[in-house]
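This briefing concerns the fold and the nonpolar packing of one protein model. Please consider the sequence and structure shown here before reading on.

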Amino acid sequence: MGPNEITAILDRPHSRELLARDLTRLAYIAQDGTPRNVPIAFTWNGSEIVMCTAKNAPKLPALRRNPAVALTIDTEVHPPKILLIRGQAELDVVEGIPDEYLRMNGSYRMTPEQRVAWEAEVRSLYDGMVRIVVTPTWVKLIDFETTLPSAVEELVRQRAERRP
């Protein structure tokens, strides 16, 4: 999939709506060779998905060994909207707390006092974090209005061929 096609899909209104959400599911292959799929907060910076995690997170050795990942961002309403993204995870160890981590967790409902307490706790817990950065190399938007899962698209095509 070429960069222009990726950009065109990610610029669609439903994609932009999904990229503004708080949570994605990160799929990767664990150290033992089995698949993992974990929810993780993220932010979209216009060209990359950025997630942050503890420097001792079990996913990091696995991502260093095999950086291929898949992300799912979706809604909980009918019809669902689903954004599927594939790419390679790049790991960036940083001192302190990345601004993205504070931003991506800023959308949770907290009073100003809760926010101050949460941020103080985060700053006391982490001496640094790892930014997991994914540049999309493949994307698919499924909105059940203009796009469908590929298997359903095939069934629709087959049905149309059967009809006179």
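In what order do the seven strands of the open sheet stand? The order is β2-β1-β5-β6-β7-β4-β3, with antiparallel pairing; two strands count as paired if DSSP finds at least two bridges between them. The model is predicted, so local features need pLDDT of at least 70 and side-chain atom pairs count only at pLDDT 80 or more, while totals for chains, interfaces and linings use all residues. Residues are numbered from 1 along each chain as its sequence is written, and side-chain values use heavy atoms, with hydrogens and water left out.

**Sheet and helix**
- Helices (H or I, at least four residues) and strands (E, at least two) are DSSP runs, numbered from the N terminus.
- β2 (35–41) and β3 (43–44) each have a single partner strand, so one side of each lacks a neighbour in the sheet.
- Seven antiparallel bridges join β1 (residues 23–29) to β2, and I29 stands opposite P35 in β2.
- Helix α1 (residues 3–10) packs on the sheet and touches β3, β6 (82–95) and β7 (128–142).

**Nonpolar cores**
- A nonpolar core is a set of buried (under 20% relative accessible area, 1.4 Å probe, protein chains only) Ala, Val, Leu, Ile, Met, Phe, Trp, Tyr and Cys residues joined through side-chain atoms within 4.5 Å.
- The largest core holds 27 residues, of which I49, M51, I73, L83 and I85 touch the most other members.
- β7 gives the most to this core, with five residues.
- Apart from it lies another core of eight residues, including I97, Y101, M104 and M129.

Terms used. Contact = heavy atoms within 4.5 Å. Axes fitted to C-alpha atoms, helices over the stretch in contact; angles between N-to-C directions. Buried < 20%, exposed > 50% of the residue type's maximum accessible area, 1.4 Å probe, protein only.
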